[in-house]
Amino acid sequence: MSSPTNRNTSSQPASSRSIADNTAPVADPLSGSSKDFKPPAAVVDGLSSLNNAIHRFLQRNPLLNQWKSRRAFVSAQGHMLGILLVAIIVNNWPVSYPREDNHSEPMFWFMVLLMGGATAYTLKHKPGTRGVQLLSRAQTEEWKGWMQFIFIMYHYYRNRTIYNEIRVLVSAYVWMTGFGHFLYCDKKQDFSLERMVSMWVRINYFPLMLSLFLNVKLELYYVVPLHTVGFFMTMATCYGAKMIREKQLLGPNFSNSQEKSNVAAIGICLLVHIVFFETPLRGILTWISHEYEFRFSTDKYSAWFGMLSAFLWSRFQSYMQWCYGEDDSGGSSDASTTSSEPDKADVTSPQNKTQKPNKNPQKVQAMQIQRAAGAGLILLWLFGFGMETDKHVYNPRHPYIFWMPMAGWLMLRNSSKYLTELHSTVLEFMGRITLETYVLQFHVFMCRNVQHIPVVIPGSGANGFIILKFANMLVTGACFIGLAFYARQATVVTQNAITELVTDIKKQYGYSDSAAASPEEEQGLVNKPSLTEVVQFSEAPSKDNNDGLFQTPQKDKKDEES
């Protein structure tokens, strides 16, 4: 005997038949037997109408029909919706207590100690195959990772004693924005619409979704516009250098020199900064928000210092090659990479152990000077400025002195070839999700827009047993990190899909950023000295590299903390 579905097949539309025929049998909740289930006619008709509407829409919009990443984009939005729902639920968690009641300086330092142990346990030595790499990508991610961990624990345990240090770490992130994007734009000469859209989406998409769904002012994520402006400012500076060369805006002496045009563009950018931030024009920012005025003023030169550092980076790189181009034991820089698997190269082989120490007195002296200078800069900042307890006294000085401890750290961190090849994998992982951990910490690790601590384990409230409070922090922290990881994946898929759509639209209308080579490209003027790819923090969108430099912590509005 034929089923009802088979009897009515001929009278159904093709799209409706496919839905009905593929429906799996379900158990009858009353009789316990199994029978063929037929969806209600209204559901079938609704799905059929939706399918036909989508088909007609795609027919009318062939560009979207040709968009290869449209399914991935829609899937990513579904994942993002789930992440936002979790953020809404946790942000309004019914059981919580004020964050002020969670103040604990000993617990802050205990967590730092634990992370120090995890860092030591996950240290990985990866010998380079292209000489000494100053501030490699792995080391950069590690740097971002430990700074972000300090930020989060600072907010969670309210350790106000390190306010000045936190300000330096925030500025280090903004410095990376100017540094990474200048290196990329100066080398690649990529000023395309795709580049601008890609980086804007990567920086702004997830924070905007959170702001919209959680009804939160963007001021909570002040660092997002801070880094967005830093990116466009850096790109505009590099593009200005290109125009100075191509259009001879400053005369023929700049037309054949990328170095001279970069100096001119960076100088003009500094002049614009001074005119805006050191005059009453700065008050324009207060029309938007007093919070933005404070934040932009505090880091007014951070991105510019990053651009200046990137401009000088080839000189720093040359010094590193000269000083540390050979192993600390005196062997060749490639002596530890003869294995077919560089990650597993035996750096303690008898061949390396028997090599004679490096006796070059100039190099030894340079190493000692570098280490002493690095320690000296940190101590100078600490005792000269960092121990100031009044933040209203320290903050106005900060834009001019933040570079001192940062430069000192980089000098010490890269004070041997071995150290340049060493990094912690756990911190590297943390460094790859800093944007997501930055915005989600206010709603998932903490709640009620960073003002409360959620309680998921009974007895772990403000006056709870310390072990239970610690366990509560670990549970919420694990969920927080996992959610941030998936948020990054969804954001990257969205970033790549939208960038691809922009490219398709440009092709549809016959527009191309690279229709003809510029005069400087024809003359080969855009080829910079060899800069390793791992130093390029903000590469063009790809499956493996979609990070920009836009992650910094947030402050509590009451006391203007980071």
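Predicted model: local features only at pLDDT ≥ 70, side-chain atom pairs only at ≥ 80, totals over all residues.
## A surface patch, a buried helix and the listed segments

Two helices, H11 (258–277) and H12 (284–288), each contribute at least two residues to the patch. The biggest contributor is H12, with three residues. Leu281 sits in the loop between H11 and H12. Why does Leu281 count as partly exposed? Its relative accessible area is 40%, and partly exposed covers the range between under 20% (buried) and over 50% (exposed).

Now for a helix with quite another setting. H23 spans residues 434–445, and twelve of its twelve residues are buried, so H23 is largely enclosed by the rest of the structure. Among these buried residues are Glu436, Tyr438, Gln441, His443 and Phe445. How far apart are the end C-alpha atoms of H23? They are only 14 Å apart, while a straight helix of twelve residues would reach 16 Å at 1.5 Å a residue.

Finally, a look at the record. The unreviewed UniProt entry lists residues 72–94, 106–123, 166–185, 197–214, 220–241, 262–281, 369–387 and 466–487 under "transmembrane region". Here is how the chain is built over two of these segments:

| Residues | Helix | Strand | Distance between end C-alpha atoms |
|---|---|---|---|
| Residues 166–185 | 100% helix | 0% strand | 29 Å |
| Residues 369–387 | 95% helix | 0% strand | 26 Å |

Terms used
Residues numbered from 1 in each chain as written. Heavy atoms only, no water. Helix = DSSP H or I, 4+ residues; strand = E, 2+ residues; numbered from the N terminus. Expected span 1.5 Å × (residues − 1). Buried < 20%, exposed > 50% of the residue type's maximum accessible area, 1.4 Å probe, protein only. UniProt positions renumbered as here; feature names shortened; annotations may be inferred.
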